[in-house]
Amino acid sequence: MRSSLRGAGAVASATALVVVVAGAWFGYRQLVQPACSGQVQLTVAASPELAPAVRAAAAGWVADGAAADGTCIAVDVSAVDSVDVAAAVASKHGVQLPGVGQASGAVVTPDVWVPDSSTWLLRLKSAGATAFAPSNGGSIARSPVVVAVPEPVASSRLGWPEKKLTWSDLLRQVSSSKPLRTGIVEPTQDAAGLSGLLSLTAAAGASGGDAQAATTGTLRALATGRSALREDLLARFPRSSDPTAIASGLGAAALSEEDVMAYNKGKPPIPLAALYLEPSPVPLDYPYAVLPGVDPAKQSAARVLFKVLTAPGFRDRLAERSLRAPDGGWGEGFKAPQGAPSPAGGAGGAGATPAPGGNGSGFLDPASIERAVSSWSIATQSGRMLCVIDVSGSMKQPVPGANNATREQVTVAAASRGLNLFDDSWSIGLWTFSTRLVGARDYRELVPINPLSGNRTRLERGLATVRPSNGDTGLYDTLLAAYQEVQNGWEPGRVNSVVLFTDGKNDDDDGIPQQKLLSELKRIADPERPVQVVIIGIGADVSKAELESITKVTGGGNFVTEDPTRIGDIFLKAIALRPNAPR
C-alpha cells in the first residue's frame, strides 16, 4: 500500500539501502578490478509502491558493475509521493498546479522522476512550465484504475462478477434515489482519483439532457466523500460483515488495481472487488522521466538504467509489488483480481494515454485534465469573488469562431456557465467597467457581493443585462476600486478575489497612471487580509506586461488569449487558481 508520509525522514530511510550497496561495491571494485573510472551519482524519485522494485533492480545492476561510457554509476532511489515531486518541480519552474500546494522543501528534484502517472507531466506543461521538457517518458510499469467496491455490495447491487459494467452504470448508481456511497482521493493530488474523475464526468457529460448540470451534480456527489489521503479513504470501507456496517461504509471509490490487491493482502473482514469499468479509464503508467538540466554523464547513466528497468526480468519484481509490466501483462507471482483483463491496455507514455470515454484510439488531451481539475476546484471549494467585466466599445467586436457572437457575448456566456459550478456557499458580486459609466466614474455595480444562496438569480439577471458601451477601457481606476471593495468586506477562511475580464490596455486619460495604481496597491495590501487578483485578457490588444505588473503586486495571475472562443476554459482555470499553502 502506498504511503502518504511526507518529509525528509521518510525519503532518507527509503534511500539508505541502495546507497550503501552502491558505495560498498564501488570501493570494492576499485580495489580489485576496476572496469570503470570515476563515479556518477544518479538520483531517482519513484512512486512509493514502485520504489522497492526500482531499488532492487538498481542494486543488482550496481552489484554487477553498473557503468555508462566507462564511468561507474551509483544509484540513489527515493520513495516519494508523486504530488510532492510535482510540487517541487512546479516551484522550480515558477508555476502553480491547482490543488497541489507549495513544495515543502523536504523534497529535492531528482535526476530521474518516475511518478505514478503521465498526467503529472501533462499538468506541469499545461500550467506553463515551458522549460519542463523531460526526456524519455517511456513507461516502466502499469496499474489499471478500477472502481473498488466491497464484495457484498458489488455482487448484490452491481451484479459482480458476471455483469460487465460501464461508467454510465456507476453514474446511475451514484445519482439514484438511494445513491451508492462514493469516495475519492483528492483528484488534484492523486492520479487514480483524477482518472476516476475524468471517466465519471465524461459519462455525465454524455448522459443526455443538461450535461453541465449532470457533471456539476457528479462533482458535488464525489466531493462529499473525498479524502485527502488514500489511507483515510481505505479506512472508510466496511470493517465488519455486519449488514449495518456494510450499509453505512464506503460503497465505491476509484483506486489503482495495486491499491485493491494490497488492501486485500491484509485479509480484511470484507474484501474489495476490483471493477474494470468500460471505457477503460486512464491507467497509472509510471513514466520514466529524465528531468531537464541533467548533465550528459547522468543522462547516459539514466539511459542505461532505463534498459535495466525494461528488461524482461523486471516483470517479476513488479509482480512482487502487485504491479503489471508496461504492456499490461504480468510477471511470475502476480495474482490478478477476479475479472482482471490480461493484458490491460498497451504501453503508455506522456501524451499517449487513451482518453476516457473514447474508443481507445484517441489520446488524452491535456486540456481535458485541466478542465476537470479546474471544475473540481471550483465545485469543491468556497470563496468570495467580485467579477468585473469590460464593456468598452471594443467588446462589440465579432468572434468568427463563435458564429460572430461579440466578445461581450462570449465573455458573458463563459461567466454564466461558470456560475453554475459555484455552490451556494460562494459569495459573488458583479461589476462592469469602461469609461464614465456613472458620471465620471468608470465602473458600475450591478450586483453587490453576497452569498449565492440568495444572490444567484440577481447575478443571472445582471449578466443578462451586460452590453458594450461606446467608452474606452478605464482599467486602473476600476481595478483599484474593485480591490478596495473586496478588501473592505474581507472574510477569513476563504479566498477573497477580484476576477476581471478585459480586451484592451488602460485607455483613460482622466484616470490614475500605472505607477499610481501600483503604489496604491502596495500601500493598501495587507498580508493578513490578502486579496487575489485574476485578470483574463482577451484579444491581441491586451498588454501582458501591463497585467503582470499588477498581479506581481497583488498575487493571483493573468491569463491572456488571442482566441476569445477559449475564454470558457480559461475562466475555469483562472477561478481554480488558489493561493498555494505549503505541503
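A: Begin with a sheet. Six strands form an open sheet of mixed pairing, in the order S2-S3-S1-S4-S11-S5. Its edge strands are S2 (67–68) and S5 (135–139), each pairing on one side only. This is a predicted model: local features need pLDDT of at least 70, side-chain atom pairs count only at pLDDT 80 or more, and totals for chains, interfaces and linings use all residues. Residues are numbered from 1 along each chain as its sequence is written, and side-chain values use heavy atoms, with hydrogens and water left out.

Q: What counts as a strand, a helix or a pair of strands?
A: Helices (H or I, at least four residues) and strands (E, at least two) are DSSP runs, numbered from the N terminus. Two strands pair if DSSP finds at least two bridges between them. Take S2 and S3 (residues 71–79): they pair in the antiparallel sense over two bridges. Ala-67 has Cys-72 in S3 as its bridge partner.

Q: How many helices and strands does the chain have?
A: The chain has 20 helices and 19 strands.

Q: Which helices lie across strands of that sheet, and at what angles?
A: Axes are lines fitted to C-alpha atoms, for helices over the stretch in contact (heavy atoms within 4.5 Å). Angles run from 0 to 180 degrees between N-to-C directions. Helix H2 (residues 51–63) lies across S1 (37–46), S2 and S3, at about 165° to S3. Helix H12 (residues 296–309) lies across S1, S2, S3, S4 (112–114), S5 and S11 (287–290). H12 runs at about 60° to S1.

Q: What is a disulfide, in general?
A: A disulfide is a covalent bond between the sulfur atoms of two cysteines. The search takes a pair of cysteine sulfur atoms within 2.5 Å. Over the whole structure, one disulfide is found. Cys-36 is joined to Cys-72, S to S 1.9 Å. Distant parts of the chain are linked by this pair: Cys-36 sits in the loop between helix H1 (8–32) and S1, Cys-72 in strand S3, 36 residues apart. The link of Cys-36 and Cys-72 is right-handed, with 105° about the S-S bond.

Q: Are Cys-36 and Cys-72 buried or exposed?
A: Buried means under 20% relative accessible area, exposed over 50%, partly exposed in between (1.4 Å probe, protein chains only). Cys-36 and Cys-72 are both buried. Across the chain, 54% of the 583 residues are buried.

Q: Why is strand S9 described as largely enclosed?
A: Five of the five residues of S9 (residues 252–256) are buried, so the rest of the structure largely encloses this strand. Both faces are covered. Ala-252, Ala-254 and Ser-256 are buried on one side, Ala-253 and Leu-255 on the other.

Q: Which strands pair with S9, and in what sense?
A: S6 (residues 145–150) pairs with S9 in the antiparallel sense over four bridges. There, Ala-148 stands opposite Ala-253. S7 (residues 182–185) pairs with S9 in the parallel sense over two bridges. Gly-183 has Ala-253 as its bridge partner in S9.

Q: Why does Cys-387 count as buried?
A: Cys-387 counts as buried because its relative accessibility is 6%.

Q: Where is Tyr-263 found?
A: Tyr-263 is in helix H11 (residues 257–265). Tyr-263 is buried, with a relative accessible area of 6%.
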